[in-house]
Amino acid sequence: ELGKRAPRWIRDNEVTMCMKCKEPFNALTRRRHHCRACGHVVCWKCSDYKAHLEYDGNKLNKVCKDCYHVIIGCTDSEEKKRKGILEIESAEVSGNSVICSFLQYMEKSKPWQKAWCVIPKQEALVLYMYGAPQDVKALATIPLLGYTVDDTPKSADLPHSFKLTQSKSVHSFAADNEELKQKWLKVIHLAVKGETLEYQNELQVNLEE
């Protein structure tokens with residue numbers, strides 16, 4: 001369907017980096033552009049291609065490199081590099097996750113910042129952090145196994161906060177409300193012990209039987 005139908009445009013505020021080369025956007029050198037074929041938000045370097053799009057009366061439109069190759073029927077001979085752990089797209093893991101939402105995040109003495117946090121089903125013991133829900137690369141991952149959970153906020157913390165501690169590593173999170181905090185804690189309390197919600201449900205079924 002590429003080029004035959006108008007795509008759904010990803011909104012500018014849903015990404016913090018180019019969805020192709022993964023370079024962060026900034027006001028001067030990396031302005032946001034939209035690929036007219038797939039709707040992804042890309043930087044000027046990755047949108048420097050043009051192709052005739054059927055849905056727009058076969059007019060020449062600005063497209064990204066990937067769509068350009070597909071539309072003109074040219075395949076990139078270079079084999080796709082295996083995705084690193086950070087390069088799994090947020091939309092990919094969010095759509096098949098145990099839990100995902102925005103949380104405030106603080107590391108050491110840095111200021112609180114908003115992060116899109118996801119625990120994917122296929123890696124239910126790992127917490128992925130993205131700058132925004134449609135980012136194509138994670139800012140960080142936290143393997144949850146072995147962490148200690150402290151869910152009592154101190155006076156200096158945000159009200160619905162909790163901490164993950166392991167040795168000298170401390171990660172602070174805060175939800176927008178108590179209900180969301182408890183949902184995250186339910187999943188995290190299991191993950192730090194190497195368990196998942198599915199495992200707990202299976203255990204419950206076996207006990208009932």
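Guide: Start with Asn-61. The model is predicted. In it, a polar atom of the Asn-61 side chain lies 3.1 Å from the backbone oxygen of Lys-59.

Visitor: What makes the link between the side chains of Asn-61 and Asp-56 a polar contact?

Guide: The cut-off for a pair of N or O atoms is 3.5 Å. The side chains of Asn-61 and Asp-56 are joined at 3.1 Å. That is within the limit, so the label polar contact applies.

Visitor: Why is Asn-61 called buried?

Guide: Buried means under 20% relative accessible area. Asn-61 has 11%, so it is buried.

Visitor: Where does Asn-61 lie, and which residues is it in contact with beyond its neighbours within four places in sequence?

Guide: Asn-61 belongs to strand E4, residues 59–63. Its contacts beyond those neighbours are Arg-36, Tyr-49, Lys-50, Ala-51, Leu-53 and Asp-56.

Visitor: What about Asn-58: where does it lie?

Guide: Asn-58 sits in the loop between strand E3 (49–53) and E4. Its phi is near 60°, a positive value in a residue other than glycine.

Visitor: Why does Asn-58 count as partly exposed?

Guide: Partly exposed runs between the buried limit of 20% and the exposed limit of 50%. Asn-58 has 47% relative accessibility, so it counts as partly exposed.

Visitor: Which other residue has a positive phi, near 70°?

Guide: Lys-22, again a residue other than glycine. Lys-22 is placed in the segment before strand E1 (33–34).

Visitor: How many disulfides does a search of the whole structure find?

Guide: The search finds 0. A disulfide is a covalent bond between the sulfur atoms of two cysteines.

Visitor: Which residues touch the most other members in the largest nonpolar core?

Guide: That core has 23 residues, and Leu-127, Leu-144, Phe-173, Trp-184 and Ile-188 touch the most other members. At least two residues each come from strand E5 (97–107), strand E6 (113–120), strand E7 (126–130), strand E10 (161–166) and helix H3 (178–191). H3 gives the largest share, 6 residues.

Visitor: What else is there in the way of cores?

Guide: A second, separate core has 19 residues, including Val-15, Met-17, Cys-18 and Leu-53.

Visitor: Which residues is Phe-173 in contact with, leaving aside neighbours within four places in sequence?

Guide: Among them are Leu-103, Gln-104, Tyr-105, Trp-112, Cys-117, Leu-127 and Met-129. The list also includes Ile-142, His-160 and Phe-162.

Visitor: What are the totals for helices, strands and burial?

Guide: The protein has 4 helices and 11 strands. Of its 209 residues, 38% count as buried.

Visitor: How confident is the predictor, and where is the pLDDT below 50?

Guide: The average pLDDT is 83, and 86% of the residues score at least 70. Residues 75–83 fall below 50, with 4 contacts beyond near neighbours in sequence. Residues 203–209 are also below 50, and there the count of such contacts is 0. Where pLDDT is low, predicted coordinates should not be read in detail.

Technical notes
Residues are numbered from 1 along each chain as its sequence is written. This is a predicted model: local features need pLDDT of at least 70, side-chain atom pairs count only at pLDDT 80 or more; totals for chains, interfaces and linings use all residues. Side-chain values use heavy atoms; hydrogens and water are left out. A nonpolar core is a set of buried Ala, Val, Leu, Ile, Met, Phe, Trp, Tyr and Cys residues joined through side-chain atoms within 4.5 Å. Buried means under 20% relative accessible area, exposed over 50%, partly exposed in between (1.4 Å probe, protein chains only). Contact means heavy atoms within 4.5 Å. A polar contact is a pair of N or O atoms within 3.5 Å; within protein, one must be able to donate a hydrogen and the other to accept it, and residues adjacent in sequence count only if both atoms are side-chain atoms. A disulfide is a pair of cysteine sulfur atoms within 2.5 Å. pLDDT is the predictor's confidence in each residue, from 0 to 100.
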